[in-house]
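Student: I have a two-chain model open and would like to go through its architecture. Could we take it by question and answer?

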Amino acid sequence: MPSWTSEPEALAGRWVAYRHVAGGVPPLWTGAGSTTLRQESGRWHREGESLVQYLALSSDGAWAERVRYESIRTEVRRRREHRSLWQLRVSADGIADLSTFDKWEACGLDPAIAVGDHADSQSLASELRRARYRGVLSPSAALDVAGAVNLTLFGARVEHHIEGEPLPEDPVGGVNAPWLPAILLTDRGAPTPFAMERTCYRTAQHRTLAEWRAGRGRRPGRPAGRRPRRSP
Amino acid sequence: MSALAAPPTSTDDALRQRVEALERDVFAALKPYQEPSTRDLRNDPVSRKRRVSERERWFERVRSEILDLARDPAWRDHALKVELLLTLEDLRAEIALDRDALDEGWRVRYAMKIMHVVVQAMLRQLDHAAIDDPAYAARFVAEELRNVEIGEVARLLGATTKSVRNWREGRVEQIKRNPDRITLIGQLAYELRNSMTGHGILFWFDAPREQFGERTPRELIDADVAEAGRKLLPLARGGRAQLDV
């Protein structure tokens, strides 16, 4: 039985999303077998279980992920970065709408899972996949700005590299196709100063969640909803 | 994109050249098919015959390259060999279904794309196997950090400035001092080099990390090279592509 009390709304739509990778690394994950399908664990998957495409709905959101992952705290380190930043068009349906803390609460889920420890969100991801969702919209844990949202797609995807043209509205193969149109925005980019300034580091308090709680008269540590059952 | 149970034993240039040739062949074929401008040409029997025969020749060449690699002792027991052979069969099946060689649903191209991912993983595996040799790792780090002050590089590697100077000039010597440390730093620099400058790599080793109780990678390496490798290699690998953390 899933941990939500009411099902997350399943959205269908088109999104422009952003993703950073190291130079020479494809912008999306795919593979053929046990070796090439191993993706390091993240918020919405455990290594070896599945593939997931982690995207942000703003370029600052993508850069904040980089800042948080590498714990970049100084201008000196920020300026030594040279990453590729990709812009992608996603056309999909079955995307669980957990894009705001209000929506987490409306589904009977604890909003702290959105930005907290990964064990709970990984278990929730398993539940979402079992319920046939194709991905999830969720508040960004890294970019601590109201309205900052990440889009996570479950499963393998490949890039359709577009050069010299804008992103097409529709991908080859239509909605939910494995091909995502992708434009390389830079191959030697660094996180923006804004992204670094507004990054919530791993051990810091998520201010946007704290403000949401304050607005609701909730105290930290007092769950506003349920948590999924963790895998052993 | 991951650590492998049994790396290939051969790192010779000939093997790498063969994998690189395969990579070029697959990558070149990934360019989308340019549709003829008129419907007549698209359905024209001569055009169709030319498309089909060109693709058949390409497939036979790639198949031959893949089978040669699969028979090489270096890959005999390797998981990537199995993946490569499976992608070859997937590609063959998709080509059989695409009789006009138009690939309208991009299914052939998708199979080629996955094959390309596997071949790139093979190239990375050859790189990792080469860096497992401390002499190669030392030269590799010296080159990647060529703009960093020589004393800083020597301290990072646990080597003398004279040795680093030699490595920068391509002079190979047997590594007697700190070979495991040099190999680990080589593997880490390999993962980091496409994300940051040489100075950025140096700073990475001295940045406190929350997940290690604010200890730096260099402090972990100083304490225990093997244990540091278990913690730092996944960290560096995970940095290749965006993760929601």
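Tutor: This is a predicted model, in which local features need pLDDT of at least 70, side-chain atom pairs count only at pLDDT 80 or more, and totals for chains, interfaces and linings use all residues. Residues are numbered from 1 along each chain as its sequence is written, while chains are lettered from A and ligands numbered from 1 in the order in which they are written.

Student: Into which domains is chain B divided, and how far apart do their C-alpha centres lie?

Tutor: The bounds come from an automatic or database domain assignment. Chain B has domain 1 (13–124) and domain 2 (134–238). Between the C-alpha centres of domain 1 of chain B and domain 2 of chain B the distance is 38 Å.

Student: How many residues does each chain give to the contact between chain A and chain B?

Tutor: Two residues are in contact if their C-beta atoms, placed from the backbone, lie within 7 Å. Counted this way, chain A gives 44 residues and chain B gives 38 residues.

Student: Which elements give two or more residues to the side of chain B that touches chain A?

Tutor: Elements here are DSSP runs numbered from the N terminus: helices are H or I with at least four residues, strands E with at least two. On the side of chain B that touches chain A, the elements giving two or more residues are α4 (79–97), α5 (107–131), α10 (198–205) and α12 (225–238) of chain B.

Student: How do the residues on that side of chain B divide by class?

Tutor: Ala, Val, Leu, Ile, Met, Phe, Trp, Tyr, Cys and Pro count as nonpolar, Asp, Glu, Lys and Arg as charged, and the others, Gly among them, as polar. The side of chain B that touches chain A then has 19 nonpolar, 12 polar and seven charged residues.

Student: Is the pairing of β1 with β3 in chain A parallel or antiparallel, and over how many bridges?

Tutor: Strands pair if DSSP finds at least two bridges between them. One bridge links A:Y18 to A:Q87 in β3(A). Strand β1 (residues 10–21) and strand β3 (residues 83–97) of chain A are antiparallel, over 11 bridges.

Student: Which strand runs parallel to β3(A)?

Tutor: β3(A) also pairs with strand β7 (residues 179–189) of chain A, antiparallel over five bridges, where A:W86 has A:L184 as its bridge partner. A further pairing places A:I95 opposite A:G135 in β4(A). Joined to β3(A) by three bridges, the parallel strand is β4 (residues 135–139) of chain A.

Student: Why is α1(B) called roughly antiparallel to α3(B)?

Tutor: Axes are lines fitted to C-alpha atoms, for helices over the stretch in contact, and angles run from 0 to 180 degrees between N-to-C directions. Helix α1 (residues 13–29) and helix α3 (residues 45–71) of chain B have axes 10 Å apart and an angle of about 150°. Angles under 35 degrees count as roughly parallel, over 145 as roughly antiparallel, 65 to 115 as roughly perpendicular and the rest as oblique. Therefore α1(B) and α3(B) are roughly antiparallel.

Student: What is the handedness of the crossing of α1(B) and α5(B)?

Tutor: α1(B) and α5(B) pack at about 155° with axes 9 Å apart. A crossing is left-handed if the near helix is turned anticlockwise from the far one by less than a right angle, and right-handed if clockwise. The crossing of α1(B) and α5(B) is left-handed.

Student: How are α6(B) and α9(B) oriented to each other?

Tutor: Helix α6 (residues 134–144) and helix α9 (residues 179–192) of chain B pack at about 50°, their axes 8 Å apart. Their contact includes B:F140 of α6(B) and B:I185 of α9(B). The two helices, α6(B) and α9(B), are therefore oblique.
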